[in-house]
Amino acid sequence: MPVADEIGYHLTANTTGQTFGTSLFVNALPDETAGVSTVIVETASFGPQQTMGGATLPQWEHARVQVITRSTQPLGGSGIANPTAARTRAQKTWECLTKIVNQTVGATSVGSRYYLRVEPLQSPFLLDRDNRGRTLFAANYECWRKVST
């Protein structure tokens with residue numbers, strides 16, 4: 001299973017207010033969503049962890065994701081949206097993912113994988129405001145996970 005899906009299933013199982021297809025998305029965030037929305041985007045990382053031995057698969061891969069949380073539209077249609085709820089969601093997501101250490105992540109219905117850890121590369125930060133005045137917060141994560149065989 002792709003890393004973004006595994007992380008997404010972990011978030012839906014371990015945080016409140018995030019549901020696939022409604023408030024949580026993978027690799028694309030629709031323009032029209034109700035409430036605070038989050039997208040998990042797969043990004044580039046570095047090579048897998050090789051071990052001593054013959055021609056075998058690497059033991060660990062280093063997958064990287066960026067998690068972006070977007071606020072609701074401003075009341076009245078114009079201006080800048082209140083960023084508080086989006087910033088709170090970004091922080092709760094950071095706390096949830098930072099706790100992944102030596103555990104299986106994903107869902108039994110679609111597959112899962114063993115994670116050595118998910119390491120945040122920074123705390124959530126203000127990324128941007130979109131053309132509708134919605135505030136975007138982001139954080140990047142390095143995901144050390146076992147290569148599936």
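This is a predicted model: local features need pLDDT of at least 70, side-chain atom pairs count only at pLDDT 80 or more; totals for chains, interfaces and linings use all residues.
Residues are numbered from 1 along each chain as its sequence is written, and side-chain values use heavy atoms, with hydrogens and water left out.

**Arg113 and its surroundings**

With a relative accessible area of 10%, Arg113 is buried. Here buried means under 20% relative accessible area, exposed means over 50%, and partly exposed is in between (1.4 Å probe, protein chains only). Setting aside residues up to four places away in sequence, Arg113 touches Met1, Glu6, Glu61, Gln103, Thr104, Val105, Arg145, Lys146, Val147 and Ser148. A contact of this kind means heavy atoms within 4.5 Å. A polar atom of the Arg113 side chain also lies 3.4 Å from the backbone oxygen of Lys146. For a polar contact, a pair of N or O atoms must be within 3.5 Å; within protein, one must be able to donate a hydrogen and the other to accept it, and residues adjacent in sequence count only if both atoms are side-chain atoms.

**The whole chain**

How many helices and strands does the protein chain have? There are 2 helices and 7 strands, and along the sequence they follow the pattern α-β-β-β-α-β-β-β-β. Of the 149 residues in the chain, 38% are buried. Among contacts with a separation of 6 or more, 59% are between residues 24 or more positions apart. The chain exposes about 7,800 Å², and carbon and sulfur atoms supply 53% of that area. Accessible areas come from the Shrake-Rupley method with a 1.4 Å probe, and for residues only the protein chains shown count as cover.

**Helix 1**

Helix 1 covers residues 3-14, which makes 12 residues. From its first C-alpha to its last it reaches 16 Å, close to the 16 Å expected at 1.5 Å a residue; the expected span is 1.5 Å times one less than the number of residues. Which residues of helix 1 are buried? They are Val3, Ala4, Glu6, Ile7, Gly8, His10 and Leu11.

**Salt bridges**

A salt bridge is a side-chain nitrogen of Lys or Arg within 4 Å of a carboxyl oxygen of Asp or Glu. By this rule the count comes to 8. The table shows some of these pairs.

| Pair | N to O distance |
|---|---|
| Glu6 and Arg113 | 3.7 Å |
| Arg145 and Glu6 | 2.5 Å |
| Glu142 and Arg64 | 2.5 Å |

Now for the bridges made by Glu6. The side chains of Glu6 and Arg113 meet in a salt bridge. This pair links distant parts of the chain, with Glu6 in helix 1 and Arg113 in strand 5 (residues 111-120), 107 residues apart. Both Glu6 and Arg113 are buried. Glu6 also meets the side chain of Arg145 in a salt bridge. Here the partners are 139 residues apart, with Arg145 in strand 7 (residues 135-146) and Glu6 in helix 1. Arg145 is buried, as is Glu6. A network of salt bridges links Glu6, Glu61, Arg113 and Arg145.

Beyond residues up to four places away in sequence, Val118 touches Ile7, Leu97, Thr98, Ile100, Tyr141, Glu142 and Cys143. Val118 and Trp144 are 26 residues apart in sequence, and their C-alpha atoms are 6.2 Å apart in space.

Ala107 belongs to strand 4 (residues 101-107) and is buried, with a relative accessible area of 15%. Leaving out neighbours within four places in sequence, Ala107 is in contact with Tyr9 and Ser112. From Ala107 to His10 the C-alpha distance is 7.8 Å, although 97 residues separate the two in sequence.

Where does Ser71 lie? Ser71 is in the loop between strand 3 (60-70) and helix 2 (84-98). Ser71 is buried, with a relative accessible area of 2%. A polar atom of its side chain lies 2.8 Å from the backbone nitrogen of Thr135. Not counting residues up to four places away in sequence, Ser71 touches Ala81, Asn82, Pro83, Ala86, Arg134 and Thr135.

Methods
Helices (H or I, at least four residues) and strands (E, at least two) are DSSP runs, numbered from the N terminus.
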